[in-house]
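Let's walk through this structure together, starting with its aromatic rings and then moving on to its surface and a loop. Keep the model open as you read.

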Amino acid sequence: MLQLAIPHPRFIAVWLRNVRVWRRYAWPSLLGNFGEPLLYLLGLGYGLGRYIEGMADMPYMVYLASGILCATAMNTASFEGLYAAYTRMTRQDTYGAMLATPLQLPEVVAGEVAWCATKSLISGVTLFVVALALGAIPMDPVTLTVLPVVILIGLAFGALAMLITSLAPSYDFFLYYFTLFITPMFLFSGVFYPVGTLPSWLQTAIHFLPLVHGVELVRPILAGQLPDTIALHLLVLGLYLVGAYQLAVARLRRRLLV
């Protein structure tokens, strides 16, 4: 029977530990986080965008920037919750040291998920500023409301990454996750083109995945519109967050404490 994990506010100590470590290599981390998305923005936005007048009643640069912003949040949280977290768990035995203190496993996992979301926010803000400078995002205070959505995307994918980390026997295991889950979402969740152009059966399948719901929240806001079915999109992302977090704690409890 799955034991419900409710983290104590002590999880902030785990988050602060990761912040202190990150500060030592902040600049290389920032460059790595937004370098590839920036290339997509420049290469496709200015290159392909010259041949596309608009998409979904908005300039293609705006359309692309909103999708890349969500994909950046997904990828940043995923890498942090996979490779970095797995290193802390295995090579560095950081989790073992944390669990020797009053910290409990739910707090350790919650702190890691919160840090994944923080990294997503950092990458998202950096890309947001660059997109603003390029004219890909309108200069409007309302557009700042996408940042809480970026945090929620980071939380959901951070929790999913922690679940995969709890199952991983080695770093190579993460290739399956990226190949079978992350990359298909990146290609089919409306980052580059409308989901409505896909076959109906694939559209149905895609809407069970989290990234498309983040995109459908962020894109209308950046276009100065109100998203449709906001509650549904928030619910799906929230279910992924809560479900993956509970499973990750349960799996890590069996892996580290039994």
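The structure holds 14 aromatic pairs, where rings of Phe, Tyr and Trp (its six-membered ring) pair if their centres lie within 6.5 Å, and planes under 30 degrees apart count as stacked, over 60 as edge-to-face and the rest as tilted. One of them joins Tyr83 and Phe174 edge-to-face, at 5.0 Å centre to centre with 75° between the planes. Tyr83 belongs to helix α3 (residues 60–89) and Phe174 to helix α7 (residues 173–188), so this pair ties together parts 91 residues apart in sequence. Helices here are DSSP runs (H or I, at least four residues), numbered from the N terminus.

Before going further, a word on the source: this is a predicted model, in which local features need pLDDT of at least 70 and side-chain atom pairs count only at pLDDT 80 or more, while totals for chains, interfaces and linings use all residues. Residues are numbered from 1 along each chain as its sequence is written, and side-chain values use heavy atoms, with hydrogens and water left out.

Buried means under 20% relative accessible area, exposed over 50%, and partly exposed in between (1.4 Å probe, protein chains only).

Phe174 has another partner: with Tyr86 it forms an edge-to-face pair, 5.6 Å centre to centre and 90° between the planes. This pair, too, links distant parts of the chain, with Tyr86 in helix α3 and Phe174 in helix α7, 88 residues apart. Both Tyr86 and Phe174 are buried. Now select Phe79, Tyr83, Tyr86, Tyr171, Phe174, Tyr177, Phe178 and Phe181 in your viewer: ring pairs link them into a cluster.

A ring can also meet a charge. The charged end of Arg219 sits over the ring of Tyr63, 3.5 Å from its centre; the criterion is NZ of Lys or CZ of Arg within 6 Å of the ring centre and within 35 degrees of the ring normal.

Let's finish with two loops. Which loop holds Leu226? Leu226 lies in the loop between α9 (210–222) and α10 (230–257), and at 68% relative accessibility it counts as exposed. Thr143, in the loop between α5 (105–134) and α6 (146–167), is instead buried, with a relative accessible area of 3%. Leaving aside residues up to four places away in sequence, Thr143 touches Phe128, Ile137, Pro138, Ile221 and Leu222, where contact means heavy atoms within 4.5 Å.
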